[in-house]
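Q: Please take a close look at one part of this model. I would like a connected account of how that part sits among its neighbours.

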Amino acid sequence: FHGLVGLHLVVPDAAADGLGSLPLHQFFTLVAALHAHIFVFDLVDFPVGEQQCFRKRTAGRVWFQAGRAFVLLLKTQGGFCLAAGGIVDFFLDRDALFRQSGAGSIQLVSLCFRFVDVRLQRTHEKAVTFAEKYQVAKVYDDFHEMFTDPDVDVIYITTPHNTHIGFVREALKNKKHVLCEKSITLNSLELEEALALAKENDVIFAEAMTIWHMPIYKKLWNIVKEGALGKVQIITMNFGSFKEYDMKNRFFNLNLAGGAMLDIGVYALSIVRSFMDETPTNILSQWKPSPTGSDEQATVLLQNSQGQMATVALSMHSKQPKRAMISCEKGYIEIMEYPRADKAVIVDAETGERTEITEGETGNALYYEMLDMEQAVRSGNANGMHLEYTKDVMDIMTKLRKDWGMKYPEENWD
């Protein structure tokens, strides 16, 4: 964040279907675009089982949020860890790469180590040694200290869905602005609590939902609003990933709030809500549970009081294209790879003429989230974070899971 003191990440969590990963060349381009000179690494390690994070297929990609603060992360197969030790050494020892990208030199200004695995034997002494090597000003032994650190303005939460509310409570009560990964909470009751806390403490609380921030959607919303395509009539959404039946991973594990709705359905429903004139109230669905009882597959029909309709098809065990179609009276909009889209095609209903619309870049998706959050914090106006849509989507998802009787362990939704 330009001009803000710092941005800290609590702990990492992968976005659905690899959506949160970014090739290194795109990362360097993004850092250069941000003109960032000070980076903050908050290394909070959580158990990851086997050290699969160092497999070749994932070691070449980074998980990050950038600005004046930067967190380097690696995706794993059985859990999530941060890129510590040799990976951080790789980046810091290759400072020239950052200078060549235009980002300036790196200064590691704070560090938090936490127990990750008995085999790794993380200790305070090792953290101090690491900090001394890179002239780190501050070392945390407990990430909770970040919530009370006066140098922290914004906390970005990317833990599994069922842990969001705990971190959100702690951050908001300490008057920190919060950007929280989708799905923002488990259910509507948790979201209402968080909204009340944000209001009480006069801070911004928003969802890191790419749909709200990608430039292509802002452009498409304006096109629809101008009326050339006529009124939106029906929206068709598909999102399917083939995930192997590993009941311990987050895709199916109820203890990690696994399931299609909170992981990928939130994207589809966010598009539906953003193109409808009002929230749908007539909602029908069918679902198929996985062996763990999580929602493996679902189809949803939605309609609002104006007659606008939508269909949503989701799956965690069969591949579908990430395809959105917004059908209007005088044409339709087709969007592929819609969670981070940077282009769309508009088809004229009468002539069949196809017009491609481009705006923004897929690789900058997280950057756009940061820009909108920065603007909200600076101005005190969170309209650009579309929290009203977030609330409507959460209400829909909560209703669906209640209809299915799919309640997570220890979840309170009443």
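**A helix and a buried strand**

A: This is a predicted model. Start with helix α10, residues 215-226. Helix α10 has 12 residues and spans 17 Å from its first C-alpha to its last. That is close to the 16 Å expected at 1.5 Å a residue. Its buried residues are P215, I216, Y217, L220, W221, I223 and V224. G227 follows α10, and the phi of G227 is positive, near 95°.

Now turn to strand β9, residues 177-181. Five of the five residues of β9 are buried, so the strand is largely enclosed by the rest of the structure. Buried here means under 20% relative accessible area. Both faces of β9 are covered. On one side lie H177, L179 and E181, all buried.

Next, the strand partners. Strand β8, residues 154-157, runs parallel to β9, and four bridges join the two. Within this pairing, I155 stands opposite V178 of β9. Helix α7, residues 164-173, belongs with these two strands: β8, α7 and β9 form a right-handed β-α-β unit.

β9 also pairs with strand β10, residues 205-208. This pairing is parallel as well, again over four bridges. Here C180 has E207 of β10 as its bridge partner. From β9 the chain passes through helix α8, residues 188-201, to reach β10. This β-α-β crossover is right-handed.

β9 pairs in parallel with β8 and with β10.

Key:
Residues are numbered from 1 along each chain as its sequence is written. This is a predicted model: local features need pLDDT of at least 70, side-chain atom pairs count only at pLDDT 80 or more; totals for chains, interfaces and linings use all residues. Side-chain values use heavy atoms; hydrogens and water are left out. Buried means under 20% relative accessible area, exposed over 50%, partly exposed in between (1.4 Å probe, protein chains only). Two strands pair if DSSP finds at least two bridges between them. A crossover is right-handed if, with the strands pointing away from the viewer, the path from the first strand over the helix to the second runs clockwise. The expected span of a helix is 1.5 Å times one less than its number of residues.
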